[in-house]
Amino acid sequence: MKELIIKDLFVSVEGKMILKGVNLKIENNEMVALLGPNGHGKSTLLNAIMGHPRYKIEQGQILLDGEDITSLDVDVRAKRGLFMAFQNPPEVSGVETMDFYKEMINSHREQDNPVGLFQFYNMLKKGYKEVDLPEDMNTRHLNEGFSGGEKKRNEIMQMRLLNPSLCMLDEIDSGLDVDSIKTISNVINSQKENGTSFLVISHYARLFELIKPTRAAIMINGKIAVDGDASLIQRVDTEGYDWIRKEYGIEVKKEDDKKPVVLETCAVKKVK
Amino acid sequence: MSKLNYLKVNEGIINLEDNENKTLFLINEKDSIDLNISLKDYSSLNLQIVNKYASNNEVKIKITADLMENSTFKLVLIDFSSKKMKAEVFAEIHSFAYFEANVASTSSNTEEKIFDIRANHAYKNGSSLVKMYGVITDKGSLSFLGDSNIEKGAIKVSTRQEGHIADLSKGGKANVSPMLRIAENDIKASHGATLGKIPDESLFYLMSRGLTKEEATSLMTIGFLKPIVNLIEDEKVRDELLDYVNNRSY
């Protein structure tokens with residue numbers, strides 16, 4: 001990837017406008033930290049770049065090396081080198097991790113050249129060692145019953161197996177202990193040495209200290225309010241976001257009150 | 001693992017004496033199965049039925065089982081046929097006996113398939129587990145009717161009913177009803193039903209790794225049926241069924 005350009009991006013979710021004119025550029029091999037208070041659109045931006053169908057692009061463009069990818073299917077974007085590590089990876093019941101990994105790797109290869117058994121075995125062995133997970137995780141159903149930390153390491157493992165050109169990490173450090181953050185930081189740094197660009201969301205300076213972003217952008221009210229060097233991370237860590245109001249005159253809107261969520265229903269359902 | 005025996009007849013009585021263990025395997029090629037099962041104390045029956053090669057007529061399966069004290073009856077019923085069918089299973093579960101039913105089915109045309117599996121607990125300390133997994137495509141029609149009945153006085157009984165249907169159809173019919181009827185307080189009973197499309201979030205997750213929508217749907221659907229198919233002990237038949245599940249279009 002040479003560059004990813006987000007141009008005047010407006011994105012709505014279920015009729016509510018979340019992103020209101022985002023402009024951002026990520027160049028080759030850059031590591032950009034994406035900061036901002038909760039509920040201001042950081043995850044929405046990542047999902048919109050990846051092509052989540054729930055996130056409707058109302059206006060603007062996402063340009064990957066000059067090509068407008070806004071209307072491309074999710075899998076096509078992945079094949080172009082985009083990768084997103086999920087904040088909450090879903091549990092996919094019934095799908096064995098190993099089967100999924102094989103399909104995932106093969107989806108990035110020519111149809112008549114699937115990954116060989118020995119090569120696949122070695123890739124998994126190396127990957128699990130890097131993220132410090134036991135190899136027998138590959139026989140378990142995808143993310144099912146994994147702890148929060150295991151899920152996050154599993155995401156990083158997938159990043160390694162796919163070797164993407166742009167990697168978006170959505171709070172990859174949440175739920176990880178200090179040692180685990182070090183482990184995944186080392187893997188992220190190795191991946192960066194491969195030439196991968198990064199867009200990283202985190203609320204904690206600890207991760208950023210280890211992966212050393214080259215730039216930082218702060219998202220407020222669905223827009224990039226401040227775009228600057230990595231010193232912004234330290235400032236946010238010590239001062240929060242109040243200085244943005246004072247220096248830039250931007251009022252930081254508070255997150256909407258969350259409506260109650262139904263966790264589970266117990267019912268019999270009939271469809272026609 | 002107990003020795004694998006092949007049932008040569010579709011109708012009749014299966015009696016297991018005290019402490020006897022048996023695995024019976026049946027590939028159904030006829031219009032009906034009608035089995036009366038009687039399990040004496042501490043006996044154990046593993047009955048595996050594959051209804052893949054059905055005739056052109058409606059297939060009717062009727063299994064009645066009497067599980068005496070400390071006996072075990074495990075049923076695996078797999079049906080990937082393209083014919084109309086109705087399966088009725090009734091298990092009477094005595095003290096410390098265990099009944100387990102595992103069903104996998106697909107329905108793709110206008111044929112109607114009904115699985116009605118009943119566990120009756122009239123005695124103390126019995127347990128049962130019913131798990132049914134199905135996929136409907138095109139205009140398929142599938143009903144999973146589970147029923148655990150716990151009578152008054154049947155204390156310490158434990159039962160669970162599960163029904164799951166992945167609906168990939170265009171105007172098909174799916175019905176999941178894991179029913180519990182309970183007349184006793186000192187018991188454990190639970191049920192779970194899922195019915196619907198492949199979850200959007202899971203689909204997005206798999207597609208974000210490069211799988212097309214069709215590949216992702218297929219992988220998740222195969223995953224739905226595979227755990228039940230894997231219970232089949234005959235390796236050749238199991239591989240054949242897995243091939244079918246893997247290569248079917250969803």
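Predicted model: local features only at pLDDT ≥ 70, side-chain atom pairs only at ≥ 80, totals over all residues.
Local features were considered at pLDDT of at least 70 and side-chain atom pairs only at pLDDT 80 or more, whereas totals for chains, interfaces and linings use all residues. Residues are numbered from 1 along each chain as its sequence is written, and chains are lettered from A, with ligands numbered from 1, in the order in which they are written.

Chain A contains nine helices and 11 strands, where helices (H or I, at least four residues) and strands (E, at least two) are DSSP runs numbered from the N terminus. The radius of gyration of chain A, 19 Å, agrees with the value near 19 Å that a compact globule of 272 residues would have; this radius is taken over C-alpha atoms, and the globule rule is 2.2 Å times the number of residues to the power 0.38. Along its principal axes, the C-alpha trace of chain A spans about 60 × 55 × 40 Å. Of the 272 residues in chain A, 39% are buried, a residue being called buried if 20 or more other C-beta atoms, placed from the backbone, lie within 10 Å of its own, exposed if 12 or fewer do, and partly exposed in between. Among the contacts in chain A with a separation of 6 or more, 70% join residues 24 or more positions apart, a contact requiring C-beta atoms, placed from the backbone, within 7 Å.

An open sheet in chain A is formed by four strands in the order β2-β1-β4-β5, with antiparallel pairing; two strands pair if DSSP finds at least two bridges between them. The edge strands of this sheet, each pairing on one side only, are β2 (16-27) and β5 of chain A. Strands β1 (residues 3-13) and β4 (residues 55-64) of chain A run antiparallel and are joined by eight bridges, and A:I5 stands opposite A:L63 in β4(A). The loop between β5 (67-68) and α2 (74-79) of chain A holds A:T70, which is partly exposed because 17 other C-beta atoms lie within 10 Å. Apart from its neighbours within four places in sequence, A:T70 is in contact with A:I57, A:Q61 and A:I62.

Helix α5 (residues 148-162) of chain A has 15 residues and reaches 22 Å from its first C-alpha to its last, close to the expected 21 Å, the expectation being 1.5 Å times one less than the number of residues. The buried residues of α5(A) include A:E150, A:K152, A:R153, A:I156 and A:L162, and their cover includes β6 (82-85), α3 (97-106), α4 (117-131), β7 (166-170) and α6 (178-193) of chain A. Just after α5(A), A:N163 takes a positive phi of about 50°.

The contact between the chains takes 28 residues from chain A and 26 residues from chain B. On the side of chain B that touches chain A, β14 (173-182), β15 (188-196), α1 (200-207) and α2 (213-229) of chain B each supply at least two residues, and the largest share, seven residues, comes from α2(B).

Beyond its neighbours within four places in sequence, A:V32 is in contact with residues including A:I26, A:F198, A:V200 and A:P213.

How values were computed
Contact = placed C-beta atoms within 7 Å.
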